[in-house]
Amino acid sequence: MTDNARMKTSDFDFDRYDHVRPIRWTGDVLELLDQRKLPFAVDYARCATCDAVAAAIHSLTVRGAPAIGIAAAWGVVLAARSLHAANGLAALPLLEPALQRLNAARPTAVNLAWALARMRGVLAHAGADWCEALEQEAHAIEREDLAANRHMGALGAALIAAGSGVLTHCNTGSLATAGFGTALGVIRAGVAQGAIAQVFAGETRPWNQGARLTVWELQQDGIDATLIADSAAAHLMKTGQVQWVIVGADRICANGDAANKIGTYQLAIAARHHGVKFMVVAPSSTVDMATASGELIEIEERDPAELLAFRGKRVVAEGVRAWNPVFDVTPHDLIDAIVTEKGVVERPDAQRMRALFG
Ligand code: MRU
């Protein structure tokens, strides 16, 4: 298909390529699609309290930067309801410890703090109906994320020449957001428009977000994808099968440095070496203009057991030590484009980031 013959995004049936939803608010409890059990069980965990939501974020029951921000917003609603029932307006100051527990659930993705700041903003102007106002805000955060993803899908896909192959890392899809996804949203839009002819997904050791989640999610939507071992990425690029690496982000700094799932940085280095373009796709809720550059980002380190065992069974000799940082930072000069719902920053640096984000 030529670029001219591409389907316009306004003609694109978004729902046709977007079936999975990780977060459901029932009106009383938060239901989270348990991502620890995928792809073998589609099971929603019920969270009836704020602390259950914080635990779900920490345990990766819900994961992906935008999704943990949305879940945290609903966690605030649950905390507010339980406090409000007992205390009315006097509950307002009692809410802060709950927000802090949610914020502590994971350190790297700024979307968590961003969503909690929005909820705090509602409290700052709260009247007697503050509980209801928080619920409306959580709905708005979720709704806006879906709209941003669909818009980014169109902006990102427009950068890709017809017939391209792409490689993605981790899971940045509907499972990681309110729906549609960030990098995976661009891939959805690119496939629908005929810009993307082949999709490769890295397995994303050690938690296997690519192997367990991304290829499953694409399968649900009828999008053909090929799984590769993480260690096959440079060879894939060398064989000329991909023209773009497309990834998400957990935090994008004021100079364009981007933190994302461990392994992203080495993909960016390999991409530059092989003349493959590198795209980071994230909503503006992932942009942290208060952090000047990537070395200031706290990188989460998780239990080495994630590395030493597979599905609960130890696969490494007893007594072996492991180090398990789960994010890394890609320096801005290895990034060709940052795609947000506010626009695209090509060859990002501090000046270009400031021009879009102030
Ligand atoms: O540890 P995870 O699975 O929460 O890490 C997720 C990622 O690194 C994603 O790439 C990022 O959050 C963007 S999701 C749209």
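Modeller: Residues are numbered from 1 along each chain as its sequence is written. This is a predicted model, where local features need pLDDT of at least 70, side-chain atom pairs count only at pLDDT 80 or more, and totals for chains, interfaces and linings use all residues.

Biologist: What does UniProt place at Arg 63 and Arg 106?

Modeller: UniProt annotations may be inferred rather than shown by experiment. An unreviewed UniProt entry places the feature "binding site" at several residues, including Arg 63 and Arg 106.

Biologist: Why does Arg 63 count as buried?

Modeller: A residue is buried if 20 or more other C-beta atoms lie within 10 Å of its own, exposed if 12 or fewer, and partly exposed in between. Arg 63 counts as buried because it has 24 C-beta neighbours inside 10 Å. Arg 106 is buried too, because 23 other C-beta atoms lie within 10 Å.

Biologist: What is Arg 63 in contact with, leaving aside its neighbours within four places in sequence?

Modeller: Two residues are in contact if their C-beta atoms, placed from the backbone, lie within 7 Å. With those neighbours left aside, Arg 63 is in contact with Gln 35, Ile 68 and Ala 176.
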